[in-house]
Amino acid sequence: MWLLLILLQAAALPAQLCEAPGQAAAVRALSARLLGLAAEPARDPDPSVYLALRLASDHDPRGEEQYLARLRDAIQHRYSRSLQAAGWPHAAPHGHPQRDAAATEHSTSAEAEWPETGRLALYLLGLRATCPPPEPGPQRSLVTWLKYYLEEDWAGSRRHGHPLTSYYQYSLGVLALCIHHKRVREEVIRRLLVAEQHGRFGHAGGSAADTEAVAALAFACLERERLVGARLAAELRAATRGVRRRMVEAQGQDGFFGNVYSTPWAMQVFIATNTCQTQPAYGRAMAALLENLDAFTTAATMAQVLPVLHGLSYLDIASMRCREEPGTLTPIGPEPPPEMPGNKVVQLVVECPKPQCPRRRLYDQLVPAPAGASLLDVLRVAAAQGHHNFTFDTQDTPQGPFLSRVLGLEAQQRKRSYWQLLTAPNTSLQMGVADYRPRDGETLILRLSEW
């Protein structure tokens with residue numbers, strides 16, 4: 001038994017020609033830190049974390065097996081129950097979208113909630129990267145669910161001009177089905193292609209680089225796996241080249257594509273299209289990432305950057321082959337934040353630039369807090385100052401607490417609204433409320449925005 005645990009099968013990956021040069025020790029340490037975060041039972045499992053562990057050069061087979069079991073409990077069991085409740089275990093893979101939707105409208109679990117296109121897509125990518133491969137039966141049900149979610153997103157884009165979730169999740173859904181070598185209706189693909197051609201990926205206060213990158217990965221996969229006809233393949237190839245060209249043209253002086261967190265997604269496009277060695281922009285981006293590895297402190301952001309540091313893209317999952325390999329990675333536990341003596345004062349502002357709000361600025365107060373306090377700590381202090389009537393709620397997600405309600409105003413996915421975190425005057429934060437640590441005298445803005 002123990003011999004099997006030591007010599008568990010691992011994935012043989014393609015030659016890593018795009019990896020971080022001369023940084024094997026630093027990359028391995030980052031993988032070990034991610035593994036340490038993944039081992040914490042209090043953290044909700046995140047399929048992107050599992051993907052990053054599977055795409056790494058070093059592995060802890062037992063730790064990865066345990067993490068996959070937690071993911072299966074969180075995702076797969078839920079969908080299995082809901083499929084049975086909906087009477088939909090044998091849905092035809094190419095069924096009529098309207099009839100399929102009608103057949104499942106009374107489902108009581110997964111489908112009754114908002115589509116989880118992105119999360120389910122990442123989980124299916126993780127299953128494809130698992131060694132030894134899991135039983136195919138449950139995967140078929142999950143693929144059916146993902147196809148249904150994509151149809152819902154496609155129908156939403158026809159009605160509202162955008163998917164019910166987002167083009168980012170829509171792209172992940174197409175990519176995951178492609179990696180599993182499942183065909184996607186041409187109308188679904190063309191909806192994404194048209195959105196890319198007409199520049200519809202942007203959102204308020206944020207970069208479109210990550211969404212463009214995931215869409216380009218989906219296009220490249222569909223062409224490579226020959227899942228579309230020759231005419232559509234040529235259009236997808238042209239769109240992928242266009243995304244890559246715009247990325248090069250828009251690369252900042254700092255070397256990033258968009259920002260430090262969207263850059264790894266953009267770099268995957270160069271890896272997937274075999275241009276990482278011939279495009280100087282890729283080398284500049286890699287150098288910028290290596291200089292800013294300390295920005296990747298959460299499990300979600302580590303999972304985002306590790307594949308490109310290993311020189312891999314999500315398209316490499318399609319060519320993974322299992323072989324035996326001993327465990328060579330030991331988890332490194334998270335370090336507690338350093339003790340910072342003293343206090344700080346933060347200006348906390350709440351804005352609602354929407355017609356239903358009585359005024360744009362709803363809250364503007366100085367909030368004293370310990371010097372090492374996170375933004376979440378600052379919000380808690382503000383709420384404790386009862387005479388200013390500040391209230392907020394958060395929702396737990398695999399990426400950490402998500403700000404869901406401020407002063408009674410709720411961020412609603414159906415209305416494409418969210419609480420944007422900014423530092424004055426108008427710089428969007430790229431970290432969550434639990435991770436960002438404001439500076440003394442900084443002005444932080446919580447703004448109800450649309451994406």
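The buried residues of α8 are covered by elements including α6 (117-128), α7 (136-160), α9 (186-197), α10 (209-224) and α12 (263-272). Contact here means heavy atoms within 4.5 Å. Helices (H or I, at least four residues) and strands (E, at least two) are DSSP runs, numbered from the N terminus. This is a predicted model: local features need pLDDT of at least 70, side-chain atom pairs count only at pLDDT 80 or more, and totals for chains, interfaces and linings use all residues. Residues are numbered from 1 along each chain as its sequence is written, and side-chain values use heavy atoms, with hydrogens and water left out.

Twelve of the 13 residues of α8 are buried, so the helix is mostly covered. Buried means under 20% relative accessible area, exposed over 50%, and partly exposed in between (1.4 Å probe, protein chains only). Among the buried residues are Y167, Y170, L172, L175, C178 and I179.

Helix α8 covers residues 167-179. The expected span of a helix is 1.5 Å times one less than its number of residues. For the 13 residues of α8 that gives 18 Å, and the end C-alpha atoms are 18 Å apart, which agrees. H181 follows α8 and has a positive phi, near 60 degrees.

## Aromatic pairs

The whole structure holds twelve aromatic pairs. One of them joins W145 and Y148: it is edge-to-face, with 5.8 Å centre to centre and 80 degrees between the planes. Rings of Phe, Tyr and Trp (its six-membered ring) pair if their centres lie within 6.5 Å; planes under 30 degrees apart count as stacked, over 60 as edge-to-face and the rest as tilted. Both W145 and Y148 lie in helix α7, three residues apart, about one turn of the helix. W145 is buried, with a relative accessible area of 0%. Y148 is buried too, at 4% relative accessibility.

Y363 and F390 form a tilted pair, because their ring centres are 5.0 Å apart and their planes stand at 50 degrees. Y363 lies in strand β4 (residues 361-370), F390 in the loop between α15 (375-384) and β5 (392-397), so the pair ties together parts that are 27 residues apart in sequence. Y363 counts as buried at 5% relative accessibility, and F390 at 3%.

## Cluster and charge

Ring pairs link W145, Y148 and Y149 into a cluster. R185 lies over the face of W154, at 4.5 Å from the ring centre. A charge sits over a ring if NZ of Lys or CZ of Arg is within 6 Å of the ring centre and within 35 degrees of the ring normal.
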